[in-house]
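Biologist: I've just opened this one and could use a guide. Could you walk me through how to read a few of its features?

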Amino acid sequence: MMAFEYTNQPWKTLYLAYELFAILFILLPVWSVTYVFTRPRPTWSWTHAMIAAFLRRLDVITEVVEGAVLLRIPDYRAISPTAGYNAEAVWIEGMPRSLITTELAIFASVAHVAPIRIPGYWYARDGTAPKPTAPVSKTDQKKVFLYLHGGGFTMLSAHPSDLVVGSLSRSLVELTVDVPHLLAVEYRLSSTHPLAERHPFPTALLDALAGYIHLIDVVRYDPSNIILAGDSAGGNLALALVRYLVENQGSLGTDTSPELPAPPGHLLLMYPWADMSNTHAETEMAIIPRGANRGLQGSAHTNDMDILGDFWVGKRYPSYNSLAYTGPFGLGIALNNRYFSPACLSPAVQAQFRGFPRTFIVVGDVDRLLDQVRTLRDMMARDMPGSGQVTYHEEKDGIHGFLTCPSHPGGRAALKAIGRWLVQD
């Protein structure tokens, strides 16, 4: 079955009707009885097992029918009201062209994209003003989150009405009084056939950089006080943003325009999508002799209780998300470019992490991306020696996105670990 196979009517409605019937009258009864007697993981409650099963099915549905059909959410084209949330919207001006390298300009030219004005959404701790008063005084400023959401570069929104992004954003600003505000960037989402081909790489990177520069040039935060956070695809984007700042430090800017700002003081990566090339799954398959039946041992294959399906990694790769994000460059670029697959096992990438800020990585051991996150951890630790430079938290029985799943028993513990890390300076 190909991605978005049922995007046209009447097939879209028929497929959704079929899925609704199957879930309500077949799958839910089967799951509910099965999980009374056995659970996919011993620590999972009946409720959590049910939620994980439903999310696995939803992942399949969003690969067959456009995710936006199921999730009517705001996007980059307009600011949406934030009434009822402790949040406030702001316009973020496009990335200054003087700070775009030749390499990034070539990528943008091939992809036919350019910097534009996009929305951002401020979140705040309870009892705190929705956004800081700009400019923030150097003597009074606290740390601040810049958050890049997940969704495979094709779904979800920075708006507080988004159940996943809004929940995680609110959790992050409640971790410590030292970080009372968070700015979530409404970067442009990618799409490809059978939908319109729009916003491939480097669109999201241009928008993320614009958000970072907004915090520094407009709100006047010192880079050392910025905590760059990203989950899943947002983690991939956060790594790309830091890489751009580190590799081009001091090489951009003119007499009449500022230089590229310094990298952020902290980097928080939550179950990051670190190998878009799928080399971890393919390497596991390659080591088994033809005709053998030994079973595949990598997390891409064994963690089949995760909410990510085979579309993302493994035998049914590539996902629609990979195709949409790589766009005109093709999937091959993920095997050769550090911006796409920083944890790629291909020797053609050889990503380096020297100069990266102090980093916290969190992932669950049921996540299909577990192996590539472990590789990322090892590569970062190799290039960032020293106590506390790379902190790693692997949560037992945690699925992809477990920090936003209230039924998972380890979510609160992981958030507390992040909170302790934030105050260890």
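Predicted model: local features only at pLDDT ≥ 70, side-chain atom pairs only at ≥ 80, totals over all residues.

Biologist: Where is T192 found?

Modeller: T192 sits in the loop between β4 (181-185) and α6.

Biologist: Is T192 buried or exposed?

Modeller: The idea is to look at relative accessible area, where buried means under 20%. T192 has 12%, so it is buried.

Biologist: And what about A204, buried or exposed?

Modeller: A204 belongs to helix α6. Its relative accessibility is 2%, so A204 counts as buried too. Leaving out neighbours within four places in sequence, A204 is in contact with F153, Y187, R188, L237 and Y325.

Biologist: How far apart are the C-alpha atoms of A204 and S190?

Modeller: They are separated by 8.3 Å, with the two residues 14 apart along the chain.

Biologist: Now a whole helix. Which residues of α4 are buried?

Modeller: For helix α4 (residues 102-111), the buried ones are L104, F107, A108 and A111. They span an arc of only 95° around the axis, so they lie on the same side of α4. Turn to the other side of α4 and you find T102, I106 and S109 exposed.

Biologist: What covers the buried residues of α4?

Modeller: The cover includes α6 (203-218) and α7 (233-247).

Biologist: Which residue follows α4?

Modeller: That's H112, and its phi is positive, near 60°.

Biologist: Last topic, helix pairs. At what angle do α1 and α2 pack?

Modeller: Helix α1 (residues 11-37) and helix α2 (residues 46-64) pack at about 155°, and their axes are 10 Å apart. Angles over 145 degrees count as roughly antiparallel. That is why α1 and α2 are described as roughly antiparallel to each other. As for handedness, α1 passes α2 in a right-handed crossing.

Biologist: Which residues of α1 and α2 meet?

Modeller: On the α1 side, they include Y15, L16, Y18, I23, L27 and W31. On the α2 side, W46, A49, M50, F54, R56 and R57 are among them.

Biologist: How many residues of that contact are nonpolar, polar and charged?

Modeller: The contact of α1 with α2 divides into 17 nonpolar, 1 polar and 3 charged residues.

Methods. Residues numbered from 1 in each chain as written. Heavy atoms only, no water. Axes fitted to C-alpha atoms, helices over the stretch in contact; angles between N-to-C directions. Helix = DSSP H or I, 4+ residues; strand = E, 2+ residues; numbered from the N terminus. Parallel < 35°, antiparallel > 145°, perpendicular 65-115°, else oblique. Left-handed = near helix turned anticlockwise from the far one by under 90°. Contact = heavy atoms within 4.5 Å. Nonpolar A, V, L, I, M, F, W, Y, C, P; charged D, E, K, R; others polar. Buried < 20%, exposed > 50% of the residue type's maximum accessible area, 1.4 Å probe, protein only. Arc of directions from axis to C-beta.
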